Every structure is written in structure tokens, then in C-alpha cells.
Amino acid sequence: RQNFPNLKIVISDNSDNEDTLSLLKNIINNDARISYIRRGEECSSGLVAHFNYILATNTSEYFMLFHDDDEMLPNMVSVLYEYLSTHDSFSAVGCNAYFNINGKNTKKKMFISKNIQIMEDSESVVKQYAMGNTAPFPSFMYRKSKIIGSKMDWLKGGKYCDCSFISTIANKGGVVYLPQCYMYYFISPSQDSQH
């Protein structure tokens, strides 16, 4: 339901079965914006290898890596694109989120702020995270020309190396967090990020 007119959605599947394709086959066939790519050995060693392959092979100047436990509100892509495309110095822009708790959408926000958070380097990213003013959602829109050559490193945070990735790319032009909610972030008791 995104209102962004030039949207391309790529489903990148590195699973070892056909479940994803089976689940989404009708959607893929009926929406010209969506393409499906079955990944092979280059992405079989896990999440980080998969993300790094996408980072290295992406051809779009503005792009997002979006996870399956989040939901975009209809204007998310257009708002992030508008901000990033009109602020040339930044490498990425993200946003606040409402919580979806145990399958129910709420109006509870991840962080309360009326101000745009500008993080100009890795130190300022870490400070914002530590104070609880932002969260490392996978909701960032990236500018390829600013982050080219960047990679996620498993040794810097394990499965949360996307957090250290954000701090790294902040050194390449800065990262911005918008205080408005343009997505839902899913929370459940089984989610290890709760701990």
C-alpha cells in the first residue's frame, strides 16, 4: 500500500526450501513492482552474508533492507525518500515506530521526541541508542553513493551487527532519525531483542 510511485520491491530468499516462494507466488505474479530472487551459495551462510551480498550488488541509489517483523505504513517510503533526496549530506534516514505487541497494533511509540535526531558520527549514534532516544530498526533508507563498500561485520555485534553498521555509516555523512512513526515494530515474548 505504499504511495511512492516508483517503488521496486525485491524479495531476496536465501532459505533452504520453497516455502517463501509458495507463500508469495500469487502476490509476485499480480504486482509488477515485486520481483523474487532465489539466492544461492553466496548467501547461504546466514543473515550477514545475505545482507552484505545485497549491499554489494544493489543498483539503486536509494534503498532499504526491510525485515519480516516490521510493517511499513503507506507513506513510509515516500517520506524517507523525500527527506534523503533533499538532504544530500546524509548517508541514511530512519524513523520512529509504533509497537505491534503480540500481534496487535498500538499507538505506543518506540521513543518520544518531537525533534529530528541527527547523528553525525559513530559516537553520536551510540549515545542516542544508549539514552534510549532511538532504536536500531531495519527501517533505514540508505544512499548508495555514501555507503558504497560498507559491510556488516558479525564480529561487531553478532546478530545485532546492523547496529554497529549504522554507527559505521554515520561516519560517511551522518544518519538521521525522524520522530514521526511511519512503521510498526513487532514485539513478541519470543523475540530475543527483548532481552
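Helices here are DSSP runs of H or I with at least four residues, strands are E runs of at least two, and both are numbered from the N terminus. You're looking at a predicted model, where local features need pLDDT of at least 70, side-chain atom pairs count only at pLDDT 80 or more, and totals for chains, interfaces and linings use all residues. Residues are numbered from 1 along each chain as its sequence is written, and side-chain values use heavy atoms, with hydrogens and water left out.

Is Ser91 buried or exposed? Ser91 counts as buried because its relative accessibility is 0%; the cut-offs are under 20% relative accessible area for buried, over 50% for exposed and partly exposed in between, with a 1.4 Å probe and protein chains only.

Now show what surrounds Ser91. Leaving aside neighbours within four places in sequence, its contacts (heavy atoms within 4.5 Å) include Leu84, Tyr142, Lys146, Ile169, Gly174 and Val175.

Hop to Val175 next. Not counting residues up to four places away in sequence, Val175 touches Ser91, and also Phe90, Met119, Phe140 and Ile166, among others.

Val175 takes you into the largest nonpolar core, which has 23 residues. Such a core is a set of buried Ala, Val, Leu, Ile, Met, Phe, Trp, Tyr and Cys residues joined through side-chain atoms within 4.5 Å. Colour Leu65, Phe140, Tyr142, Phe165, Ile166, Ile169 and Val175, the residues that touch the most other members. Two or more core residues come from each of helix H2 (47-57), helix H4 (122-131), helix H6 (161-170) and strand S9 (175-187). H6 gives the largest share, 6 residues. Apart from this core lies another, of 20 residues, including Leu7, Met64, Cys95 and Tyr182.

Turn to H2. Its buried residues are Val48, His50, Phe51, Asn52, Ile54 and Leu55. What do they pack against? Bring up strand S1 (9-13), strand S3 (62-64), helix H5 (144-147) and H6.

Finally, zoom out to the whole protein chain. The secondary structure comes to 6 helices and 9 strands, and the C-alpha trace spans about 40 × 40 × 35 Å along its principal axes. Of the 195 residues, 42% count as buried. Among contacts between residues at least 6 apart in sequence, 72% join residues at least 24 apart.
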